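This report describes the fold and selected side-chain features of one protein chain. Please read it alongside the sequence and the coordinates.

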Amino acid sequence: MSTDSTNYSRREFAKLSALGLASIPLLSFQNGLEKMDLSIATTLNVHLFSKHLQFLNYNDMSAAAVEMGFDGIDLTVRPKGHVLPENVKEDLPKAVEAMKKHGLQPKMMSTNVWDASNTVQKTVLETASTLGFTNYRTNWLKYPEDISITESQALYGRQAKELEILNEKLGLIGGYQNNSGMNVGAPIWDLLPI
């Protein structure tokens, strides 16, 4: 039994835990792990997915995230989220104000955005951009049953290009999360044509 009594703050513990969990898939590359630079743990920012605090208001959500040692919040700005898309102009600034009050900078959000021509979705991105957000998760895509996979991929590809143009204009980075099942991106190869 070790007598070393190193004390870690909650924030340091959260960062080291996240790094440890993230490295589990790499355990088969043990030689590589021996050479791995673990100083990244000091620069890793961990943001709490706000869905887990859905029962709290903006202020209490922000306070809880800080109390747990997180560096930020991945805010849900989508239907049934902390900020509803149709109320984004009024509510997102309130959420950001609460985050900043507790020392959290707005950076990440999870959305239902995919169609840059959709007025509500475009307003979500424009509002987020003016408030300092830099990254967001897009909506999940599904293959419609009434058109072919190839046609769906062509449509999603055009929409992705339009979204890319809007993102560049607004200084945002959109990321697509692929999920298992019948969702677009589940087999991964199907994202290439998109």
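The sections below treat the sheet, the nonpolar core, the salt bridges and some loop residues of this predicted model.

**Sheet and packing helix**

An open sheet is built from 5 strands in the order β1-β2-β3-β4-β5, and their pairing is parallel. Its edges are formed by β1 (47-49) and β5 (173-175), each of which pairs on one side only. On average, and with direction ignored, neighbouring strands of this sheet are turned by 25° against each other. Within the sheet, β2 is joined to β3 (residues 108-111) by 4 bridges, and the two strands run parallel. At this pairing, D74 stands opposite M108 in β3. Helix α5 packs on the sheet, where α5 touches β2, β3 and β4 (135-137). The direction of α5 makes about 170° with that of β3.

**Nonpolar core**

The largest nonpolar core comprises 34 residues, of which L75, V77, V83, L92, M109 and L125 touch the most other members. Two or more residues each are contributed by α3 (58-67), β2 (72-77), α4 (88-101), α5 (119-130) and α6 (149-170). The greatest contribution to this core is that of α4, with 6 residues.

With neighbours within four places in sequence left aside, L92 is in contact with L75, V77, V83, N87, T127, A128, L131 and F133.

**Salt bridges**

Side chains of opposite charge can pair when their charged atoms come close. The structure holds 2 salt bridges, which are listed here.

| Salt bridge | Closest N and O atoms |
|---|---|
| K94 with D91 | 3.8 Å |
| K161 with E164 | 3.3 Å |

Both K94 and D91 lie in helix α4, 3 residues apart, about one turn of the helix. K94 counts as partly exposed because its relative accessibility is 47%. D91, in contrast, is buried, since its relative accessible area is 18% and the cut-off for buried is under 20%.

K161 and E164 belong to helix α6; because they are 3 residues apart there, about one helical turn separates them. K161 is classed as partly exposed, given its relative accessibility of 45%. E164 is also partly exposed, with a relative accessible area of 43%.

**Loop residues and positive phi values**

A polar atom of the H82 side chain lies 3.2 Å from the backbone oxygen of L53. Apart from residues up to four places away in sequence, H82 touches S50, L53, Q54, L56, Y58, M61, L75 and T76.

Most residues other than glycine have a negative phi, and most peptide bonds are trans. K80 has a positive phi, near 65°, although K80 is a residue other than glycine. K80 is found in the loop between β2 and α4, and K80 is exposed, with a relative accessible area of 79%.

I188, likewise a residue other than glycine, has a positive phi near 70°. I188 is located in the segment after β5. I188 is exposed because its relative accessible area is 54%, where the cut-off for exposed is over 50%.

Definitions and conventions: Residues numbered from 1 in each chain as written. Predicted model: local features only at pLDDT ≥ 70, side-chain atom pairs only at ≥ 80, totals over all residues. Heavy atoms only, no water. Core = buried A, V, L, I, M, F, W, Y, C linked by side-chain atoms within 4.5 Å. Buried < 20%, exposed > 50% of the residue type's maximum accessible area, 1.4 Å probe, protein only. Contact = heavy atoms within 4.5 Å. Pairing = 2+ DSSP bridges. Axes fitted to C-alpha atoms, helices over the stretch in contact; angles between N-to-C directions. Salt bridge = Lys/Arg side-chain N within 4 Å of Asp/Glu carboxyl O. Polar contact = N/O pair within 3.5 Å; in protein donor to acceptor, adjacent residues only side chain to side chain.
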